[in-house]
Amino acid sequence: MSDNPRFETRAIHIGQGADEATGATIVPVYQTATFTQDAIGTNRGYEYSRSGNPTRDALEAALASLEGGRFGLAYGSGMAAIHGVMQLLSAGDHVVVCDDLYGGSYRLFTKVMSGFGIRFSFVDATVLDKIEQAIDSATKMLWIETPTNPMLRMIDIAACAEIARRKGLMLVVDNTFASPYLQNPLELGAHVVAHSTTKYIGGHSDVIGGALVVDDEAIATRLYFTRNASGGVPGPWDAWLTLRGVKTLALRMRQHEANAKQVAEFLRERPEVQRVHYPGFPDHPGHELAKRQMRGFGGMVTLDLVGGEPAAKTFAESTRYFSLGESLGAVESLIGYPWTMSHGAFEPEAKRSKGITEATVRLSIGIEHADDLCADLAQALERAASAR
Ligand SMILES: Cc1ncc(COP(=O)(O)O)c(C=O)c1O
């Protein structure tokens, strides 16, 4: 291997050498709960699969490499990974969070972690002053998600890292929407990168998973300890499926991106569409920042329909290739209605303050042929127009 293998090469080779026991070229699914010990206190590197499993280790090594950190930890879901980060905190701590984030994270923070004495302030983190103003003497963490979900706003990771450094906070970035192919927050100064690997990394809507990547050994040690203590690990089979997704991440992201650009441009010309939110448009407020901190604009497109709620619902229910469902980042296109689906956990006022309305629809653009996707959206828009 070259001294400095590129992303595509690392995705296929890091952590994935031939199996030492058998020579199997592909990392085997070590579907075992326990490992037979040679003698009391003597094992071959593994004891019990909650603590460590070779299939999971391979996935973690690959993910760490793709995010540019030394330590990767896989979890049983994105939410388990996010909960893992929460376990770095103690009662009395305060977290500043971007207000446009995944509804499940919001639910965990406000309905679960708040019961353990952790306080959260939600701010529009696209405005750096608002972050600064929300920090108090108990603030320990700054939590951002960029591009944001579902409005695809951009938050300046390097500027947040500078605030975090100055105020002694830990900066956590949920990098699910961008994927490691398009954005590496650790390189921009973040301390922890979180992923729902259910999305682009797994890429096929067939496995739930999560991951954290860190470069700081002390943070990694604490995370390994709390994960082992609380148990939110993925099974070996799920780790293997996710690792299989990792191998084609670069290829898929390139196609997601090309398709998203074509779909966004198509939608923008349609009379049934009021507004298209897509960071690849030069007039998107985060466009310049996206060019600076990402290597592309991603595969997500959000739109508001002229006809309000009836049009948006009819549109979301009328597509043929876009499956109406939760999730994103898969080879097949998905369509979602954030008001009641991904962001159903937010109060109506909270949704409106972020720009999400009953007319908003979120698209996860798959890797089908973009012309077919546009034709599908065209017929769904025509139906939506008659629903007004
Ligand atoms: C940005 C983001 N973070 C975290 C999660 C949670 O991940 P999971 O569903 O794998 O628990 C999601 C799920 O949609 C998400 O979109």
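Predicted model: local features only at pLDDT ≥ 70, side-chain atom pairs only at ≥ 80, totals over all residues.
Contact here means heavy atoms within 4.5 Å.

**View 1. Helices α9 and α13 pack against each other.** Helix α9 covers residues 249-268, and helix α13 covers residues 370-387. Their axes sit 9 Å apart, at an angle of about 30°. Angles under 35 degrees count as roughly parallel, so α9 is roughly parallel to α13. The crossing of α9 and α13 is right-handed. Who meets whom? On the α9 side, look for N259, Q262, V263, F266 and L267. On the α13 side, they meet A370, D371, L373, C374, L377, A378 and L381. Sorted by class, this contact has nine nonpolar residues, two polar ones and one charged one.

**View 2. S196 in strand β6.** This strand takes in residues 192-196. Is S196 buried or exposed? Its relative accessible area is 12%, and buried means under 20%, so S196 counts as buried. The side chain of S196 makes a polar contact with the side chain of K199, at 3.0 Å. Leaving aside residues up to four places away in sequence, S196 also touches G78, T176, G209 and G210.

**View 3. S137 in a loop.** The loop in question runs between α5 (128-134) and β4 (139-145). S137 has a relative accessibility of 81%; the cut-off for exposed is over 50%, so S137 counts as exposed.

Technical notes: Residues numbered from 1 in each chain as written. Heavy atoms only, no water. Axes fitted to C-alpha atoms, helices over the stretch in contact; angles between N-to-C directions. Helix = DSSP H or I, 4+ residues; strand = E, 2+ residues; numbered from the N terminus. Parallel < 35°, antiparallel > 145°, perpendicular 65-115°, else oblique. Left-handed = near helix turned anticlockwise from the far one by under 90°. Nonpolar A, V, L, I, M, F, W, Y, C, P; charged D, E, K, R; others polar. Buried < 20%, exposed > 50% of the residue type's maximum accessible area, 1.4 Å probe, protein only. Polar contact = N/O pair within 3.5 Å; in protein donor to acceptor, adjacent residues only side chain to side chain.
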